[in-house]
Amino acid sequence: LLFKYTTITNLLKILESKSLWFSSPKVFNDPYDCNTNLINFTPNHLEIAKLINDKLSDHNRSVRREEIQKNKRNPYRIKNQLSESLQDTLNNSGVCCFSEINDDTLMWSHYANNHKGVCLKFKSNISELSTMSSKINYKNVHEKVNFFALDGYCIYHVIFSKSFDWSYEKEVRAFNFLSNGKVKFDKNDLIEII
């Protein structure tokens with residue numbers, strides 16, 4: 001079971017539209033949440049060569065070699081391009097947050113209008129609403145992961161890692177790439193309004 005704390009106003013919108021709101025990460029109150037600063041994008045020489053060769057596979061060898069040399073002299077070109085592109089993708093994506101608990105005083109204070117709101121009880125079918133979903137991994141330190149070494153893990157790390165300070169939320173997150181706003185849910189998945 002999963003829980004979503006909200007206000008009465010939002011409850012009425014949810015019931016009327018049978019939809020949940022997937023917010024853009026750029027409006028989050030945690031500056032580290034879905035932030036590409038948690039990724040090290042600085043490539044070494046081999047990674048530069050692989051990126052350029054993959055990107056320019058249709059071009060002749062001399063064009064690729066010239067582009068590789070330019071980027072070896074200034075690897076920050078690639079770093080900035082990758083970071084900006086991924087941050088743009090994240091900002092245009094959507095997140096819907098749930099909790100594993102329904103009885104936390106801070107959650108009722110922060111997300112349910114100072115205890116005047118509600119908590120929705122859902123079946124755990126959020127994977128049907130999203131591109132990917134997972135429990136949040138709470139960490140004591142904001143570790144940077146290498147974009148090139150972990151082949152896809154860095155995206156998961158950025159989306160599903162938060163500071164241990166937020167661990168009281170016991171968050172389970174649904175994430176949609178390049179899509180935010182309303183997402184319809186099956187009304188039978190909403191079990192109870194607390």
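1. Asp33 and Arg173 are both buried (buried is under 20% relative accessible area, exposed over 50%, partly exposed in between, with a 1.4 Å probe and protein chains only). This is a predicted model, where local features need pLDDT of at least 70 and side-chain atom pairs pLDDT 80 or more, while totals for chains, interfaces and linings use all residues. Residues are numbered from 1 along each chain as its sequence is written, and side-chain values use heavy atoms, without hydrogens and water.

2. Those two side chains form a salt bridge at 2.8 Å, N to O (a side-chain nitrogen of Lys or Arg within 4 Å of a carboxyl oxygen of Asp or Glu). Asp33 sits in the loop between S2 and strand S3 (39-40) and Arg173 in strand S10 (residues 171-176), so the pair ties together parts 140 residues apart in sequence. Helices (H or I, at least four residues) and strands (E, at least two) are DSSP runs, numbered from the N terminus.

3. Arg173 also pairs with Glu171, again a salt bridge, at 2.8 Å, N to O. Arg173 has a relative accessible area of 0%, and Glu171, buried too, has 3%. Shared partners join Asp33, Lys162, Glu169, Glu171 and Arg173 into one network of salt bridges.

4. Have a look at Lys135 and Glu100 as well: their side chains meet in a salt bridge of 3.2 Å, N to O. Lys135 is in strand S6 (residues 132-135) and Glu100 in the loop between strand S4 (94-99) and helix H5 (105-111), 35 residues apart. Lys135 counts as exposed at 52% relative accessibility, whereas Glu100 is partly exposed at 33%.

5. For the overall tally, the whole structure has 8 salt bridges.
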